[in-house]
Amino acid sequence: MKKGNIDVVFEMVFRRMRSAMGGTVDLGLTGKDGVVHPSLTESAKMMEQNVSLFGSTVESLLYRFGKTLVNEQLVLKRVADVLIHLYAMTAVLSRASRSISIGLRNHDHEVLLANTFCTEAFFKNNYWMIQLQKHSPENNDANIKKIAKEVLDNRGYVCSHPLERTF
């Protein structure tokens, strides 16, 4: 094993141990040198936690599926949903922080909107990332695949209309 590979392995083990022990996440969004306004600190912390969990979730997906990850449509849909929410959280925090900094009228309402959106997105992201860490029986993927196969095999909706006579 090359020296570079050993360094990567140790770095990954260290990151996993830190996250398993509940280590705090600090991406530099808040604090003295932070880029987010102090009134948005709680939302920024939620985003930092989501970003950290997203990284470890994607890493575990790559370990589990390897190159076949590109064939897992349901998994990729959840990954895309989380990523869309992370992008939206970034945009909302940036806009609200800028509004406060330049003193726009009604910036307090924008802060309220930003905090509400970030809280909602935080909990949705956590739910989706927990679903990504589970296997098929717990996340309903097997049922969705079965429904899709039946619809595809029948080239349409499988069920009969309830008002249709079947006798």
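Visitor: What share of the contacts in the chain with a separation of 6 or more comes from residues 24 or more positions apart?

Guide: This is a predicted model, in which local features need pLDDT of at least 70 and side-chain atom pairs count only at pLDDT 80 or more, while totals for chains, interfaces and linings use all residues. Residues are numbered from 1 along each chain as its sequence is written, and side-chain values use heavy atoms, with hydrogens and water left out. Contact means heavy atoms within 4.5 Å. For contacts in the chain with a separation of 6 or more, the share from residues 24 or more positions apart is 71%.

Visitor: How many helices does the chain have?

Guide: Helices (H or I, at least four residues) and strands (E, at least two) are DSSP runs, numbered from the N terminus. Along the sequence the pattern reads α-α-α-α-α-α. The chain has zero strands, and its helices number six.

Visitor: What percentage of the 167 residues is buried?

Guide: Buried means under 20% relative accessible area, exposed over 50%, and partly exposed in between, with a 1.4 Å probe and protein chains only. Of the 167 residues in the chain, the buried ones make up 26%.

Visitor: Are α2 and α3 roughly parallel or roughly antiparallel?

Guide: Axes are lines fitted to C-alpha atoms, for helices over the stretch in contact, and angles run from 0 to 180 degrees between N-to-C directions. Angles under 35 degrees count as roughly parallel, over 145 as roughly antiparallel, 65 to 115 as roughly perpendicular and the rest as oblique. The axes of α2 (residues 41-65) and α3 (residues 73-102) come within 11 Å and cross at roughly 155°. This makes the two helices roughly antiparallel.

Visitor: How many charged residues does the contact of α3 with α4 have?

Guide: α3 and α4 (residues 107-133) pack with their axes 9 Å apart, at an angle of about 160°. The two are therefore roughly antiparallel to each other. Their contact has 19 nonpolar residues and five polar ones, and its charged residues number five.

Visitor: Is the pair of F122 and F123 stacked or edge-to-face?

Guide: Rings of Phe, Tyr and Trp (its six-membered ring) pair if their centres lie within 6.5 Å; planes under 30 degrees apart count as stacked, over 60 as edge-to-face and the rest as tilted. One aromatic pair is found in the whole structure. The ring centres of F122 and F123 are 5.2 Å apart and the planes stand at 70°, so the pair is edge-to-face.

Visitor: Is D141 buried or exposed?

Guide: D141 is found in helix α6. Its relative accessibility is 5%, so D141 counts as buried.

How values were computed
Ala, Val, Leu, Ile, Met, Phe, Trp, Tyr, Cys and Pro count as nonpolar, Asp, Glu, Lys and Arg as charged, and the others, Gly among them, as polar.
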